[in-house]
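Please read this briefing alongside the sequence and the model.

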Amino acid sequence: MTHVVVIGAGQAGSSLVAKLRNGGFQGKVTLIGEEPVAPYQRPPLSKKYLLGEMDLDRLLLRPESFYSENGIDLHLNETVQSIDVAGQAVVAGGHRINYDELVLTTGSVPRRLPAAIGGLLDSVYVVRDLKDVDSMAPEFAEGKRVLIVGGGYIGLEAAAVAASRGLDVTLVEMADRILQRVAAPETSDYFRTLHSGKGVRILEGVGLDHLTGDKKVSGAKLTDGTELDVDFVIVGVGISPATALAEAAGLDIENGIKTDAQGRTSVPHIWAAGDCASFPYKGARIRLESVPNAIDQAEIVAENIMGADKDYVAKPWFWSDQYDVKLQIAGLNTGYDRVVTREGGGGSVSFWYYQGDQLLAVDAMNAPRDYMIGKRLIESGKSPAPETVADPDTDMKALMKL
Ligand code: FAD
């Protein structure tokens, strides 16, 4: 009987084993995860769960009973230490588990501050897993002073939760502007204004020099010389794909575990999906850090294990919730040379990224219709004229008839 072993019980791992069973796979399935809880959604960790508006039951992707009911052997609290490629086995907790097909869905690892600048002091947190968020939750008391390092989506979402709960929030971003790596200045401006209006102090073009404190953090010195008193620190400075296991096993690594369009790595019978995997996309190689990518790619790998012979054609989209603003992003803006603004009623707005005449991506703030139409246009390779998009009188639905 074919045995599929999956390392990493997160979004991609859970989607993959579910797809195997939905697709009628009759072999043995083992899902191994190092966390103590069944696979759960990460996005609420910096949103509703951190706000205290969602409990663990709702966070789980599937009830724990789903796995046993579907003949999936779920190993929690178990870290895979190594892969024996020649022997087709993984080693976890001192025992070997043989596989016929192995999938790596190991996700990513948050970057931390170096010890030399105070990264190991108490009350310095990252936001990656349940344990991180549960341990920082008691710090979220009204009036406490939090320093957030990094103005990407995770940092901004944490800032929104902290400000909503009455904390004193300072966010430092080393780059010239928040969201510089992922969005146009228009989107950065939108979120800077939003946060400033809620009392968040946003400092751009300023880095953290070092943290101070005796065992527990109590202060921070910034690169412009500013000194701050802080009660705790949240670090949101990006992630790295979790490739250590794959690298030690000799798999090719290129901005993540290198896969072909079907999810196969450079070693036979080993596949990869989710945050840890890079794959071909429009003549380039990319890696996406998002839930839709983790699900879609994992499902394609499951189908290919069952013999489908299907390529993964990514349709990138993402979202972020901050206060009462829902940002929805369709497409990838890499290479844009122009941004067109479309104002909607009631404070909704969307920014459309073009390269020449070609529509690449849309950032939509409280503008679900713009997002939906933009996504469909991008996926079908259609590019409405920028002037048409910018005109508030344009009927968005009509754009689909282009
Ligand atoms: P993960 O879900 O991280 O799962 C990987 C699992 O593998 C982990 O449980 C890890 O412990 C385990 N593992 C690793 N190595 C081993 C080993 N050797 N042995 C056993 N187990 C191992 N995406 C969006 O689209 N929208 C959002 O709004 C959004 N918000 C986010 C907010 C936060 C706070 C975070 C952290 C992420 C957010 N993301 C969001 C990103 C999204 O959650 C990830 O892209 C997605 O979880 C990736 O799924 P994955 O299965 O690849 O990795």
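**Salt bridges and a parallel strand group**

Lys310 and Glu303 are joined through their side chains by a salt bridge with an N to O distance of 2.6 Å; a salt bridge here is a side-chain nitrogen of Lys or Arg within 4 Å of a carboxyl oxygen of Asp or Glu. This is a predicted model, in which local features need pLDDT of at least 70 and side-chain atom pairs count only at pLDDT 80 or more, while totals for chains, interfaces and linings use all residues. Residues are numbered from 1 along each chain as its sequence is written, and side-chain values use heavy atoms, with hydrogens and water left out.

**Salt bridges**

- The structure holds 21 salt bridges.
- Lys310 is partly exposed at 37% relative accessibility, whereas Glu303 is buried at 18% (buried means under 20% relative accessible area, exposed over 50%, partly exposed in between, with a 1.4 Å probe and protein chains only).
- Lys19 belongs with Glu303 and Lys310 to a network of salt bridges.
- Lys144 pairs with Glu139 in a salt bridge whose closest N and O atoms are 3.1 Å apart.
- Another salt bridge joins Arg192 to Glu204, with 2.7 Å between the closest N and O atoms.
- That pair links distant parts of the chain, since Arg192 lies in helix 7 and Glu204 in strand 12, 12 residues apart (helices, H or I with at least four residues, and strands, E with at least two, are DSSP runs numbered from the N terminus).
- Arg192 is partly exposed, with a relative accessible area of 22%, and Glu204 is partly exposed at 23% relative accessibility.

**Strand 11 and its partners**

- Strand 11 (residues 168–173) is mostly covered, with 5 of its 6 residues buried.
- Strand 10 (residues 145–149) runs parallel to strand 11 and is joined to strand 11 by 5 bridges; two strands pair if DSSP finds at least two bridges between them.
- Ile148 is placed opposite Leu171 of strand 11.
- Strand 12 (residues 201–204) also pairs with strand 11 in the parallel sense, over 4 bridges.
- Val172 has Leu203 in strand 12 as its bridge partner.

**Crossovers**

- A right-handed β-α-β unit is made by strand 10, helix 6 (residues 153–164) and strand 11; right-handed means that, with the strands pointing away from the viewer, the path from the first strand over the helix to the second runs clockwise.
- From strand 11 the chain passes through helix 7 (residues 185–197) to strand 12, in a β-α-β crossover that is right-handed.
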